[in-house]
Amino acid sequence: MENNINTIFIIDDDDEIRQSLTLLLNSYRYKVNSYPKIEQFLKNENYSGAGCILLDVFFKGKTGLELKEEIETKFEHLPIIFISGHGNIPMSVEAVKKGAVSFLQKPIDERELFSAIEEALSRSNYLIEKYREIEKYKSLVSSLTAREYEIFNFVITGAPNKIIASELGIAEHTIKNHRLKITEKLGVKSVAELIYIADKLSIKGSVVKQNS
């Protein structure tokens with residue numbers, strides 16, 4: 001993984017911590033953006049690439065743990081590594097339970113830091129690929145006509161052409177033609193692949209009401 005294709009965001013109100021972490025990460029050729037306040041980060045950043053966030057736990061007002069959900073609403077693809085000089089075991093456990101990659105104590109051990117960053121970047125790239133895959137399938141499924149989408153919903157439940165035709169009141173050969181169009185538009189060759197797409201988009205399918 002090339003460091004320069006990822007961005008590490010440091011959010012800490014301690015100027016010395018931000019500067020020292022920035023210098024350290026820059027020396028390993030990581031791209032770094034730093035902010036003294038979470039609000040400033042949320043307001044200024046519009047980043048969709050891979051990366052992670054080094055987030056201080058304690059700020060004036062709310063804690064980093066309390067603001068984690070707000071950050072993830074905008075940056076779901078950027079895993080969070082919490083850092084703190086006052087952390088404790090219960091807080092670190094809570095952070096991990098809430099999905100943080102790690103909870104690092106200041107002064108930060110370099111080996112632990114880079115291990116956490118690499119894990120976070122790996123997770124970030126996975127989340128981005130997952131998002132791109134879903135967006136791709138959304139686009140493909142949206143290309144289906146209303147009738148094709150209706151038939152698609154029956155096919156992914158395993159219903160045979162004859163039953164789908166009876167359910168919709170159309171000829172069986174028409175169902176076959178629609179299924180051919182569906183597979184062409186979605187770029188697949190099997191029902192298993194159609195089911196995979198449906199699963200990725202959380203499409204449950206339509207159950208045939210009448211008996212075969």
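Predicted model: local features only at pLDDT ≥ 70, side-chain atom pairs only at ≥ 80, totals over all residues.
Local features need pLDDT of at least 70, and side-chain atom pairs count only at pLDDT 80 or more. Residues are numbered from 1 along each chain, and side-chain values use heavy atoms, without hydrogens and water.

Q: Why is H77 called buried?
A: Its relative accessible area is 14%. Buried means under 20%, with exposed over 50% and partly exposed in between (1.4 Å probe, protein chains only), so H77 counts as buried.

Q: What does the side chain of H77 reach?
A: The backbone oxygen of Y47, at 3.3 Å. A polar contact is a donor and acceptor pair of N or O atoms within 3.5 Å.

Q: Which residues is H77 in contact with, leaving aside neighbours within four places in sequence?
A: Y47, S48, G49, G51, S124, L127 and I128, where contact means heavy atoms within 4.5 Å.

Q: What makes α6 oblique to α7?
A: The axes of α6 (residues 146–155) and α7 (residues 161–168) come within 10 Å and cross at roughly 130°. Angles under 35 degrees are roughly parallel, over 145 roughly antiparallel, 65 to 115 roughly perpendicular and the rest oblique, so α6 is oblique to α7. The crossing is right-handed.

Q: Which residues of α6 meet α7?
A: R147, E150, I151, F154 and V155 meet I164, E167 and L168 in α7. By class, this contact has five nonpolar, no polar and three charged residues.

Q: What covers the buried residues of α6?
A: The cover includes α7, α8 (172–186) and α9 (191–200). Among the buried residues of α6 are I151, F154 and V155.

Key: Axes fitted to C-alpha atoms, helices over the stretch in contact; angles between N-to-C directions. Helix = DSSP H or I, 4+ residues; strand = E, 2+ residues; numbered from the N terminus. Left-handed = near helix turned anticlockwise from the far one by under 90°. Nonpolar A, V, L, I, M, F, W, Y, C, P; charged D, E, K, R; others polar.
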